[in-house]
Each structure stands twice: as C-alpha cells, then as structure tokens.
Amino acid sequence: MARDHLSNSDALRRLRECLKSGLVQFHSHFKRRCTGRSIDLQDVLFVLKHGIIRKPAELDLRFQQWRYKVEGRSPDGPELAVIITFLEEDGTLVLTVMIP
C-alpha cells in the first residue's frame with residue numbers, strides 16, 4: 001500500500017534534497033520521452049531545481065505510488081511538466097516529462 005502523500009512544499013523540499021545528494025534516478029520511459037520530444041536533460045534539471053508543484057499528488061493505483069508534477073521553464077527552454085515519485089529508500093524517480 002502507498003504511503004501517505006507529502007504536501008506540495010514538503011515534496012519540493014524532499015526533491016531538492018535528493019538532487020543535492022545525487023539520489024535521483026531517471027526511468028527509461030523518461031529517457032525515451034526526452035529523446036522523442038527533443039527535451040534537454042539540463043532543462044529538466046533546471047525545472048526540478050526551480051519549478052513548483054501546483055496540484056496535489058495523484059495516487060497511481062497500478063503501482064501504488066504518489067506522483068507529483070513539477071512545472072516550470074528553464075531560461076532558454078520550453079515550459080515543462082516533470083512527473084516524479086519518491087522511492088522508499090529516500091530517492092526520487094523521474095518518470096516522464098511533457099510540454100504542456
């Protein structure tokens with residue numbers, strides 16, 4: 001069963017701690033989406049470091065995990081929405097990216 005979800009501010013705080021500690025993994029689906037949508041990894045990392053979470057987390061029933069949408073724009077890139085989840089061992093998994 002999925003753990004309780006974090007508030008938006010707590011999720012951003014945990015994400016940024018994971019980024020600083022190098023505890024971020026990128027799902028193969030994310031990598032395919034970056035390639036297929038011509039999205040640069042540096043733009044994604046900028047959004048993860050400086051973006052915001054506007055909506056509450058959504059529970060993915062299939063995988064029993066809370067998903068958070070981090071939104072923002074890098075200085076030279078498009079507006080992005082990056083979907084993440086938190087791993088039980090205190091890491092972050094980047095699931096996918098889209099251009100809204």
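## The β3–β4 hairpin

In this predicted model, strands β3 and β4 form a hairpin, with five residues lying between them. Six bridges join β3 to β4 (residues 79-86), and the two strands run antiparallel.

R73 stands opposite E79 in β4. The two residues also form a salt bridge, in which the closest N and O atoms are 3.6 Å apart. E79 is partly exposed, at 24% relative accessible area.

## The β2–β3 hairpin

Strand β3 (residues 65-73) also pairs with strand β2 (residues 58-60), in the antiparallel sense and over three bridges. β2 and β3 form a hairpin with four residues between them. In this turn, Q64 has a positive phi of about 55°. L59 stands opposite W66 in β3.

A salt bridge links D60 and R67, with 2.9 Å between the closest N and O atoms. D60 is buried, at 15% relative accessibility, whereas R67 is partly exposed at 25%.

Side chains of opposite charge can pair when their charged atoms come close. The model has five salt bridges, including the one between D10 and R13, with an N to O distance of 2.5 Å.

D10 and R13 belong to helix α1 (residues 8-21). They are three residues apart in this helix, so about one helical turn separates them. D10 is partly exposed, at 33% relative accessibility. R13 is partly exposed too, with a relative accessible area of 46%.

Definitions and conventions:
Residues numbered from 1 in each chain as written. Predicted model: local features only at pLDDT ≥ 70, side-chain atom pairs only at ≥ 80, totals over all residues. Heavy atoms only, no water. Pairing = 2+ DSSP bridges. Salt bridge = Lys/Arg side-chain N within 4 Å of Asp/Glu carboxyl O. Buried < 20%, exposed > 50% of the residue type's maximum accessible area, 1.4 Å probe, protein only.
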